Amino acid sequence: MRSDETTTAHCNKCGLDKPLDAFFQHPKHRTVCKACKSAQRQAWRAANPERNRASARRVYAADPEAARQAARTRYANNREKIAAQHKERYEREPERFRSYTSGWRGNNPEKAKRTRTQSQKKLQEASLPSAIRHGFEWTGWELEVVSDESRPISEVAKLIGRTYSATALMRHKVFNDPKTIIHAGLPNNEQG
Ligand SMILES: [Zn+2]
């Protein structure tokens, strides 16, 4: 029986017979499977970083909106993988990662500011439904929770029933305004 030929094809790289949807191209070009093709592309990108960047710039310049949409889709489909890669890279080379991000921010100050403002706006909106203590006087316990920098501001805001922006402002004050520092029961930075 040769009926298999219509549903599978042979990859010349890994030598396996795979279903047609494991190949990117038209049958007559279908000589290397998707997995092998991806591996080849990745190897090429690693070996030619400058040309890879140039080609990415060309793709972007040809149709910026399509390129942005493709990046968004790629990110949405690989969120956890991308986050894990970032984490892994950060743990491997924290210095380089930091200098890369501050370098990007340095080169794109307006964009960085916009992104920051947008994400703060989202966090603020997300905090509104649980902000049942908005406008009330701050208690010592709340100031204590706010001064715990290991907790993200959005998490603290939810915990104490305040808005994101009120919580962010109070965290700033807890570490910078002497009156608030005393209220929060923190050492008043005497040794300077
Ligand atoms: Zn293959």
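I call a residue buried if 20 or more other C-beta atoms lie within 10 Å of its own, exposed if 12 or fewer, and partly exposed in between, with C-beta atoms placed from the backbone.

**Entry 1, the whole chain.** I am working with a predicted model, where local features need pLDDT of at least 70, side-chain atom pairs count only at pLDDT 80 or more, and totals for chains, interfaces and linings use all residues. My residue numbers run from 1 along each chain as its sequence is written. Of the 192 residues of the chain, I found that 11% count as buried. I take helices (H or I, at least four residues) and strands (E, at least two) as DSSP runs, numbered from the N terminus. The chain has ten helices and two strands, and along the sequence I read β-β-α-α-α-α-α-α-α-α-α-α. For contacts I ask that the C-beta atoms of two residues, placed from the backbone, lie within 7 Å. Among contacts between residues at least 6 apart in sequence, 38% join residues at least 24 apart.

Next I looked up how α8 (residues 153–160) packs with α9 (residues 164–176): the angle is about 110 degrees and the axes are 9 Å apart. My axes are lines fitted to C-alpha atoms, for helices over the stretch in contact, and angles run from 0 to 180 degrees between N-to-C directions. The two helices are therefore roughly perpendicular to each other (angles of 65 to 115 degrees count as such). From α8, I see Ile153, Ser154, Val156 and Ala157 meeting Tyr164, Thr167, Ala168 and Arg171 of α9. These contact residues divide into five nonpolar, two polar and one charged (nonpolar being Ala, Val, Leu, Ile, Met, Phe, Trp, Tyr, Cys and Pro, charged Asp, Glu, Lys and Arg, and polar the others, Gly among them).

Which residues make up the largest nonpolar core? I list eleven: Leu143, Val145, Val146, Ile153, Val156, Ala157, Ile160, Tyr164, Ala168, Met170 and Val174. At least two residues of this core come from each of α7 (140–146), α8 and α9. Such a core is a set of buried Ala, Val, Leu, Ile, Met, Phe, Trp, Tyr and Cys residues joined through C-beta atoms within 7 Å.

I found leucine 20 in the loop between β2 (17–19) and α1 (34–47). Leucine 20 counts as exposed, because I get 11 C-beta neighbours inside 10 Å. Not counting residues up to four places away in sequence, leucine 20 touches Thr7, Thr8 and Ala9. Glycine 135 sits in the loop between α6 (109–127) and α7. Glycine 135 is exposed too, with 9 other C-beta atoms within 10 Å.

Note on methods
Angles under 35 degrees count as roughly parallel, over 145 as roughly antiparallel, 65 to 115 as roughly perpendicular and the rest as oblique.
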